[in-house]
Amino acid sequence: MAKQSQRINTVILAGAAVSNALVYLLAFARPYNLLDLYQRPLLDLYRLSQDNPTARWWLVGAFLVLGILYGLGWRAARHAAGCAAWVIVLGGALACSFVLLFVYPFGAADIFDNIFHGRILGVYGANPFHDVVAQFKADPFFSYTAWREWPSAYGPGWEVLAALLARLAGDGIVANVLVFKLAGGVFLAGSIGVVGLILRRFAPEHALSGMVLLAWNPVVLYETLGNGHNDMAMVFWILCAAWAVTGRRYTLGVLALVVGASFKFIPVLFLPAASVIALRDLPDARARVRFIIVTCAGAIVLVLLAYGTFWRGFDTLGIGRRVTLFTTSLPAVVHAVLGPVWGEARVGSVISGVAGGLTVLFAMWQAVRIRRDSAWFAFARVAFNILMFYLLLTCMWFQSWYVLWPLGVAALLPPGRVALWAVLFSYAGLSKWLIFAPLWVWLRPLPPQSWRELRLGPAVLSLPWLYAIVAWWDAKRRVRVANE
């Protein structure tokens with residue numbers, strides 16, 4: 001009976017995999033083919049909808065169908081087994097990724113900005129943390145970029161990689177888009193592989209479903225292979241840190257986080273938790289001292305190697321630029337309310353300081369709590385908590401592709417509320433550009449930013465906020481009942 005159930009679920013998994021690929025082909029690759037549209041700079045959903053008013057609704061329908069198939073696949077993976085199921089999961093993810101490679105990145109222009117910053121270093125030999133797109137107006141990618149007056153928003157690890165990719169791809173528009181998308185796909189594949197390695201060792205009964213949670217998520221696939229965002233590069237290093245920490249390779253775990261922070265700064269928040277686990281579990285004082293010395297020395301060397309060539313003072317870190325950016329977040333709502341009264345610059349500085357301070361305090365609190373958490377997935381749980389706290393409460397500039405971060409970590413955690421929360425959050429991120437941006441950002445004339453921000457953040461994040469409150473309340477109730 002059990003084998004028959006496994007065969008049925010394997011068939012369901014195969015049907016979902018084939019259906020996924022067909023939806024991506026018919027709803028994304030055919031109407032928005034990169035090879036047909038690459039000569040149209042800054043093409044986005046707003047412009048596409050001017051030519052085809054039903055385009056957005058077809059995309060909404062496609063993501064709903066993909067969500068249903070994703071749920072079916074995830075449920076089937078929890079009851080399937082055998083080599084055939086593994087081949088279907090990995091082959092299905094590969095097929096969908098291949099189809100999405102040939103989609104024009106109409107959800108965001110970030111891939112073209114990434115390409116250009118890679119060219120600034122790799123082609124022109126300039127400094128992407130100091131020199132800006134506007135200085136290279138003759139470049140063939142100039143008309144495709146959106147952030148022409150801003151230096152790179154990422155770290156040196158990513159910019160060195162982007163420079164290598166840009167040199168490899170040459171001057172071709174399509175070649176560069178494909179190469180940068182493939183780089184994101186490699187990091188996604190690496191992340192899926194690390195999830196599989198960890199779960200096969202510590203929770204083999206959840207290994208297949210954990211990989212489906214990440215590898216088949218429509219938002220992960222669309223944002224990574226469709227839009228070409230680089231977030232999976234950072235997630236990969238977080239997962240490598242989780243692999244190292246669970247295997248008691250604590251120095252490697254901390255150094256993986258340092259490397260991840262050279263792509264995006266977020267992994268810095270997990271350093272206290274990883275260090276506390278190491279100091280808690282190492283056998284004696286000598287081992288702890290050796291860990292501190294070796295790890296600190298390695299981290300310092302990595303930071304010096306990363307920033308040495310680019311350093312132009314603390315402006316290289318881009319902190320000053322980040323405090324001026326607010327959108328689709330709780331801080332953006334506060335800024336919209338108080339900015340016109342007390343001055344936008346002054347309020348922005350205060351909000352960024354408070355938000356940063358709260359994020360650091362929460363990360364430190366999670367590190368203190370992890371001392372009493374002996375579960376093998378304790379580091380992943382803390383990373384997930386920190387990411388959700390940051391994205392739901394203190395992130396000032398929220399974008400839909402940020403939802404990839406917690407989903408990558410959630411794949412390591414036991415299936416249940418955390419996984420559902422991560423999936424709900426991923427679809428809430430989609431609602432920004434599919435539902436709420438068209439309602440309030442597509443209006444002409446464009447309403448004031450404060451008017452938009454008072455609506456965008458609460459609309460996009462309301463369901464994840466509500467889910468968090470209900471889950472917290474229910475957890476408290478369960479503890480109270482257990483203690484009675």
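A salt bridge is taken here as a side-chain nitrogen of Lys or Arg within 4 Å of a carboxyl oxygen of Asp or Glu. The model is a predicted one, in which local features need pLDDT of at least 70 and side-chain atom pairs count only at pLDDT 80 or more, while totals for chains, interfaces and linings use all residues. Residues are numbered from 1 along each chain as its sequence is written, and side-chain values use heavy atoms, with hydrogens and water left out.

Side chains of opposite charge can pair when their charged atoms come close. Ten salt bridges are found when the whole structure is searched. One of them joins the side chains of aspartate 51 and arginine 40, at 3.5 Å from N to O. Because aspartate 51 sits in helix α3 (residues 45-51) and arginine 40 in the loop between α2 (34-37) and α3, this pair ties together parts that are eleven residues apart in sequence. Helices are DSSP runs of H or I with at least four residues, and strands are runs of E with at least two, numbered from the N terminus. Aspartate 51 is exposed, its relative accessible area being 57%, whereas arginine 40 is partly exposed at 37%. For these classes, buried means under 20% relative accessible area, exposed means over 50%, and partly exposed lies in between (1.4 Å probe, protein chains only).

Aspartate 139 and arginine 119 meet through their side chains in a salt bridge of 2.9 Å, N to O. This pair links distant parts of the chain, with aspartate 139 in the loop between α6 (110-122) and α7 (156-169) and arginine 119 in helix α6, 20 residues apart. Aspartate 139 and arginine 119 are both buried. Lysine 264 and aspartate 231 also form a salt bridge, in which the closest N and O atoms are 2.6 Å apart. Here lysine 264 belongs to the loop between α12 (250-261) and α13 (271-281) and aspartate 231 to helix α11 (residues 231-246), so the pair ties together parts that are 33 residues apart in sequence. Both lysine 264 and aspartate 231 are buried.

Glycine 73 is buried, with a relative accessible area of 0%. Leaving aside residues up to four places away in sequence, glycine 73 touches Leu13, Ala16, Val212 and Trp216, where contact means heavy atoms within 4.5 Å. Between glycine 73 and alanine 17 the C-alpha to C-alpha distance is 7.6 Å, although the two are 56 residues apart in sequence.

Arginine 56 is also placed in helix α4. Arginine 56 is buried yet has no salt bridge, and aspartate 44, the nearest side chain of opposite charge, is 11 Å away. Charges are assigned with Lys and Arg as positive and Asp and Glu as negative, His and the chain ends not being counted. Not counting residues up to four places away in sequence, the contacts of arginine 56 are Leu45, Ser49, Leu434, Ile435, Pro438 and Trp442.

The surface carries a nonpolar patch formed by Ile8, Ile12, Ile68 and Leu72, which together have about 350 Å² of accessible area. Patches consist of residues with over 30% relative accessible area and no salt bridge, like charges being joined within 9 Å and nonpolar side chains (Val, Leu, Ile, Met, Phe, Trp, Tyr) within 5 Å. Accessible areas come from the Shrake-Rupley method with a 1.4 Å probe, and for residues only the protein chains shown count as cover. At least two residues of the nonpolar patch come from each of α1 (2-29) and α4. Isoleucine 68, found in helix α4, counts as exposed at 55% relative accessibility. A positive surface patch is made up of Arg369, Arg371, Arg372 and Lys476, with the place of a charge taken as NZ of Lys, CZ of Arg, CG of Asp or CD of Glu. Arginine 369 is found in helix α17 (residues 344-369) and counts as partly exposed at 42% relative accessibility.

Finally, the backbone. Most residues other than glycine have a negative phi, and most peptide bonds are trans. Leucine 42, in the loop between α2 and α3, has a positive phi of about 55°. Threonine 328 has a positive phi of about 50° and is buried at 0% relative accessibility. A cis peptide bond, with omega about 0°, joins arginine 444 and proline 445.
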